[in-house]
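I opened the file and kept notes in the order in which I looked things up. The entries follow.

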Amino acid sequence: MKIARFSHDGSISFGIVDEDALVVLAGDPMFAGFETTGERVPLGKVGALLAPVIPRSKVVAVGKNYRDHAAEMGGEAPGEPLLFLKPNTAVIGLGDAIILPPQSKQVEFEGELAVVIGTIAKNVAAADAHEYIFGYTVANDITARDLQKSDGQWARAKGFDTFCPLGPVIETELNPDAAIRTRVNGELKQDGRISDMVHDVPSIIEYASSVFTLLPGDVVLTGTPAGVGPIVAGDTVEVEIEGVGSLVNPVRAAK
Ligand code: MG
């Protein structure tokens, strides 16, 4: 099931994707269930698909979680998940512009699977992690690579406004071997499989929930495969995960 958050007639609603229409839900399904209003909105009449979730408190992310990416960054994948945070103010949705900050000369894309937490999670065992997952979406862990290196810690490099595109929808099912691909202006840059993660989704939730209480609506980014590279103003970057969707964002310079 695919769940969209969208603007329609001046208000924000949630809907279930049903072929070429959205079945409108009475409320946020994470908190209010799947009661429908009876209304169907053709996808062509939707004002805009919005980021499918605004993280309640945080975006937890894992660095260097694919061996081939760790190698291209000049190291090995860490033995334990390497956690960092992105602020929820970095989140944008499908079609929103990634704004290049003037402080950086090297902003890069990182296509990633995002896990949307559905239930308060603390000290969750990996075997139980699926009970805490609401669904999955596509993320782009935009990174100011030069600042990541010069700062020595990642809050600024990963945390600028617009540096966490999420979307287009939340998919409640996931093929654990789905392909993940990133294209810039249509050219294939990353071509991996989520099954190549060093630490899989249940392990990450176990590890992260031993540190932070994860709240419903929090989002966990699971790392990027090899092939990261720069984006510049005027580019269009697309991250696609098989069965989940395609997240497309233009890139703009700051005004
Ligand atoms: Mg990343």
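Are Glu112 and Asp141 buried or exposed? I checked this first, and both residues are buried. I note that this is a predicted model.

**Metal site.** I looked for what holds the magnesium ion. I found Glu110 (OE), Glu112 (OE) and Asp141 (OD) as its protein donors, at 1.9 to 2.1 Å. Read along the sequence, the donor residues follow the spacing E-x1-E-x28-D. Glu112 belongs to strand S11 (residues 111-117), while Asp141 sits in the loop between strand S12 (133-140) and S13; the two are 29 residues apart, and the pair links distant parts of the chain.

Next I traced an open sheet of three strands, ordered S13-S10-S18, with antiparallel pairing. Strand S13 (143-144) and strand S18 (229-230) are the edges; each has a single partner strand, so one side of each has no neighbour in the sheet. I counted two bridges between S10 (residues 107-109) and S18. Phe109 has Gly229 as its bridge partner in S18.

**Strand S3.** I then asked how much of strand S3 (residues 21-25) is buried. Five of its five residues are, so the strand is largely enclosed by the rest of the structure. Ala21, Val23 and Leu25 point one way, Leu22 and Val24 the other, and all are buried. On one pairing, four bridges join S3 to strand S2 (residues 11-18), and the two run antiparallel. Ile16 is the residue opposite Val23. S2 and S3 make a hairpin with two residues between them, and in that turn Glu19 has a positive phi of about 55 degrees. S3 also runs antiparallel to strand S4 (residues 36-42), again through four bridges. There Leu25 has Thr36 as its bridge partner.

**Helix H5.** I listed the buried residues of H5 (residues 201-209) and got Val201, Ile204, Ile205, Ala208 and Ser209. Their arc around the axis is only 115 degrees, which puts them on the same side of H5. I looked for what covers them and found, among others, strand S6 (59-63), strand S7 (82-86), S11, S12 and strand S17 (219-221).

**Domains.** The protein is divided into domain 1 (2-49) and domain 2 (59-253). I read 25 Å between their C-alpha centres. Nine residues from domain 1 and 14 residues from domain 2 take part in the contact. The two domains bury about 860 Å² between them, with 69% of it on carbon and sulfur atoms. On the domain 1 side, Lys2, Ile3 and Met30 lose the most area to domain 2, together 67% of what that side buries.

Gly167 and Pro168 are joined by a cis peptide bond, with omega of about 5 degrees. Pro168 is in strand S14 (residues 164-171).

Asp9 is not a glycine, yet has a positive phi of about 55 degrees. I placed Asp9 in the loop between strand S1 (2-8) and S2. Its relative accessibility is 73%, so Asp9 counts as exposed, the cut-off being over 50%.

Thr162, also not a glycine, has a positive phi of about 75 degrees. I placed Thr162 in the loop between helix H4 (155-159) and S14. With a relative accessible area of 11%, Thr162 is buried, the cut-off being under 20%.

Conventions
Residues are numbered from 1 along each chain as its sequence is written. This is a predicted model: local features need pLDDT of at least 70, side-chain atom pairs count only at pLDDT 80 or more; totals for chains, interfaces and linings use all residues. Side-chain values use heavy atoms; hydrogens and water are left out. Two strands pair if DSSP finds at least two bridges between them. Buried means under 20% relative accessible area, exposed over 50%, partly exposed in between (1.4 Å probe, protein chains only). Donors are N, O and S atoms within 2.8 Å of the metal (3.2 Å for Na, K and Ca); water is not among the atoms, so sites may look incomplete. The arc is that of the directions from the helix axis to the C-beta atoms. Contact means heavy atoms within 4.5 Å. Domain bounds come from an automatic or database domain assignment. Buried area is the accessible area (1.4 Å probe) that two parts lose on being put together, summed over both.
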